[in-house]
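Here are my notes on this model. Please read them with the structure open.

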Amino acid sequence: MPEGTARLTGRLIGTVLDGATGKPVAYASVAVLGAADAPVSGGACGGDGQFVLPGVAPGAYTLRISFLGYQELRRVAVVVPESGGTVDLGTLALLPSAQQLGEVEVIARPPLVEEKVDRTVYHAENDETTRGGDATDVLKRVPLLSVDLDGNVSLRGNQNIRVLINNKPSTIMASSIADGLRQLPADQIKTVEVITSPSAKYDAEGTGGIINIITKGNDLRGGQLSLDGSGGTRSGTLNLNGGYRTGKMGFALGGFGRAGYNTPGSFSNNQLTTNPATGAQTRTAQTADTRQNQLFGRYTLGWDYDLTKHDALAASLTYGTRNATFYQDALATRTTPLATGAATTSVRNVTTTDDSGTVDASLAYLHTFAKPQQELSVLALYSRNDRTYQFDNDTYAASEAAALGRAGNDNPSANQELTAQVDYQVPTAKDQLLEVGVKDIKRTVQSDYRYYGQLALTQPNNSFHYDQNVAAGYVAYTLGLPHNFTLKPGVRYEYTSIAADFGRGTVGDIPSYGVLVPSANLLHKLPSGNVLKLAYNRRIQRPSLQFLNPNLQAANPLIQTLGNPVLRPEYTNNYELGYSTLLKQANLNFSAFVRNTSGSIQSMRTPLGEAAYPGAVRITYQNVGQEDAYGGSAYTSLDVGTKFSVSGGVDTYYAVLRNNVADPLYAARNAGLVVSGRLYGSYALPKNWNVQLFGFYRGQQVQLQGAQSSFAVYSMSIKHDFAEKKGSLGFGAENFFSPSNTVRTSIDSPLLSQTTSTIQHITSFKVYFGYRIGKLTADARPSKSVRNDDLKTDENGGGSQGSGGTPAATRPAPAPAPTEPAKTGAAPK
């Protein structure tokens with residue numbers, strides 16, 4: 001090479017598989033060795049077993065691949081040519097090791113965020129800033145997701161999402177995703193999968209996509225017991241988890257408790273209503289101090305047993321509980337009819353209680369065949385949520401004496417699901433996989449409600465019974481095409497039958513219906529190792545109990561909510577284009593999407609127009625909306641050496657909402673740009689200290705009749721590991737420079753002009769601890785679980801592409817530092 005000429009470098013790529021099962025070996029260590037086995041480069045495989053090692057100088061090398069529980073593999077005479085370029089090493093098989101393993105040196109850490117063909121995977125176990133929190137705190141960190149201060153989650157601006165826990169549904173999410181997420185401890189979440197393009201294997205429900213929360217399980221051999229907790233100015237937690245596995249049987253037991261306290265705030269509401277019948281206008285002003293107390297618990301028991309080499313059983317039992325009380329102290333109301341100017345006033349204390357208990361029981365059978373990737377699974381799930389919502393409205397001062405006294409509502413309800421599912425997959429040829437399955441969900445909802453005090457004068461007691469059965473079948477095919485293309489088309493058919501009745505009176509006609517939902521995912525792996533993907537899927541969104549429940553919720557009598565039992569599902573077409581690349585030390589991911597929804601279930605706010613409630617607004621739901629969204633996202637992660645990593649991203653979309661109502665008094669249309677972003681950083685300090693920072697910003701949200709203001713949250717965590725990383729002690733702080741966060745919601749329509757302001761004091765400081773006894777060794781095990789991905793959930797408040805060799809574009813971890821190796825007895829996560 002002429003002097004002064006830059007020397008070209010090459011890139012090594014390949015896929016590490018289990019030599020016995022043919023499945024990817026996630027996070028296997030890959031090292032490039034030169035003369036005398038001197039390390040030249042290295043990294044870790046992604047979750048799909050693929051690795052990309054850039055920046056390797058021309059020459060001949062030895063490739064060493066290792067992972068706990070497998071025999072080390074060496075590939076000699078790996079040549080990078082003088083011209084550089086990409087050297088594809090193809091498939092590299094690791095053979096299981098039968099030897100007893102001791103301490104293992106972990107030389108690479110998995111990435112915080114991993115991009116796959118149909119999903120974004122967030123490795124929550126690597127984020128210390130969520131310690132002592134719940135699943136809501138974790139989801140704030142996940143790319144593509146947005147979480148408001150009330151815990152409501154949206155994916156690319158769409159709150160019609162389905163949340164699974166370990167690939168299984170739970171009625172804990174049936175009434176409110178925000179409430180359900182608060183029952184999941186952040187410390188027990190391993191990964192969060194955001195599935196933007198679900199295949200036909202997943203239920204057709206969830207127009208925005210699917211969020212799958214994977215918890216830390218007992219998939220290893222040996223015994224372990226861990227205790228951790230936290231205490232702070234806003235909340236405290238306590239966790240106890242244990243696992244034991246020996247021979248063919250394994251057990252897991254866990255308990256989690258979290259208390260939320262000392263969360264003061266304030267509320268104000270100003271509105272001008274116009275009576276649609278008379279045109280009379282009424283102005284109302286409200287203010288109150290707010291506070292809340294919450295107590296959550298979650299208790300799990302898991303069991304699995306290997307019947308034979310190819311047959312396994314797994315069962316789990318989970319109980320979750322939630323006790324929440326919200327207070328509006330001295331809610332002062334001033335109501336003024338503009339025609340007379342004679343104002344009336346009242347002051348009341350409002351107490352709202354929302355308690356629930358959830359039972360999830362599942363049983364799964366898995367049979368694997370001698371042929372790799374061929375398997376049959378049979379799954380069953382029982383899930384039930386018993387919830388009691390009640391409020392007490394005590395008016396102790398009023399300009400009209402007749403308004404004094406108490407009013408309230410009791411609303412016990414139950415949501416029960418029985419699910420059976422059978423799935424079968426078989427390779428039909430090289431790089432081809434056929435997946436078929438059937439499923440049935442039987443759902444029963446019961447809601448009883450009664451009123452007392454002044455509300456009993458206008459609202460009769462009643463009950464609501466709702467039966468729904470969803471029968472489904474699907475077929476999906478993964479096809480490896482020439483020139484590194486992978487295609488996965490699929491189609492799913494679901495037939496829904498419904499029966500509903502009131503204790504008094506009849507429910508309107510709710511016909512049964514069938515829907516055919518196709519999906520297609522195309523992935524192209526470029527010679528450089530970059531990935532291009534294109535996806536389409538059609539989805540439906542069934543209304544959940546929150547939208548159907550005819551119980552009148554009027555804790556604040558001027559803002560009343562009433563469900564609609566005859567709502568129909570909404571339909572959405574999703575289109576997505578994504579590109580992933582590696583640029584020097586950075587992993588870059590870009591995506592663009594288009595979403596079109598018809599028959600959208602939207603809230604309608606209109607003046608009530610009743611003499612008993614002057615100036616009151618009634619919120620109901622109708623299938624009258626059209627929603628279109630056009631947007632994209634960009635995400636990057638960067639590792640600098642072995643100590644510092646930073647990642648961040650921006651999500652943006654342009655939303656167009658309209659309700660297609662001809663009457664100008666009720667017609668609504670709105671459009672606007674929504675931007676959000678997040679930034680995460682981590683730095684490893686000497687002597688087992690680590691510091692992490694996180695920040696999230698959500699811009700103004702576009703709503704059908706108005707908008708909601710922006711907000712920002714941020715946190716810092718400092719942790720120290722001791723006793724060979726068996727113990728940890730840390731300190732965390734959130735929003736320490738901004739003691740309060742104010743969220744304003746504005747509504748502007750011909751009949752209603754409203755501005756609501758909610759202030760929350762969210763500055764918090766906490767101390768957390770953890771200690772683990774026992775030791776586990778690798779014993780990876782296959783598993784299957786039920787997925788119920790349906791029901792539209794609280795609007796206010798893809799699945800794996802099979803085993804078709806779909807690659808990820810994940811930046812490998814940097815080569816290990818020779819001076820400070822980390823040691824552990826467990827496999828890298």
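1. Is Phe 769 buried, partly exposed or exposed? Phe 769 counts as partly exposed, because its relative accessibility is 36%. The cut-offs: buried is under 20% relative accessible area, exposed is over 50%, and partly exposed lies in between (1.4 Å probe, protein chains only). Phe 769 sits in strand β43.

2. On the basis of the work: the model is predicted, so local features need pLDDT of at least 70, side-chain atom pairs count only at pLDDT 80 or more, and totals for chains, interfaces and linings use all residues. Residues are numbered from 1 along each chain as its sequence is written, and side-chain values use heavy atoms, with hydrogens and water left out.

3. A nonpolar surface patch includes Leu 225, Leu 238, Phe 731 and Phe 769. Together its residues have about 1,000 Å² of accessible area (Shrake-Rupley, 1.4 Å probe). Patch residues have over 30% relative accessible area and no salt bridge; nonpolar side chains are joined within 5 Å. A salt bridge puts a Lys or Arg side-chain nitrogen within 4 Å of an Asp or Glu carboxyl oxygen.

4. β16 (221-232), β17 (235-246), β40 (727-734) and β43 (764-777) each give two or more residues to this patch. β43 gives the most, with five. Strands are DSSP E runs of at least two residues, numbered from the N terminus.

5. Elsewhere, β3-β2-β5-β6 is the order of an open, antiparallel sheet of four strands. Pairing takes at least two DSSP bridges. β3 (39-44) and β6 (73-80) are at the edges with a single partner strand each, so one side of each has no neighbour in the sheet.

6. β2 (residues 29-33) and β3 run antiparallel, joined by five bridges. Val 32 stands opposite Ser 41 in β3.

Conventions:
Patch = residues over 30% accessible without salt bridge, like charges linked within 9 Å, V, L, I, M, F, W, Y side chains within 5 Å.
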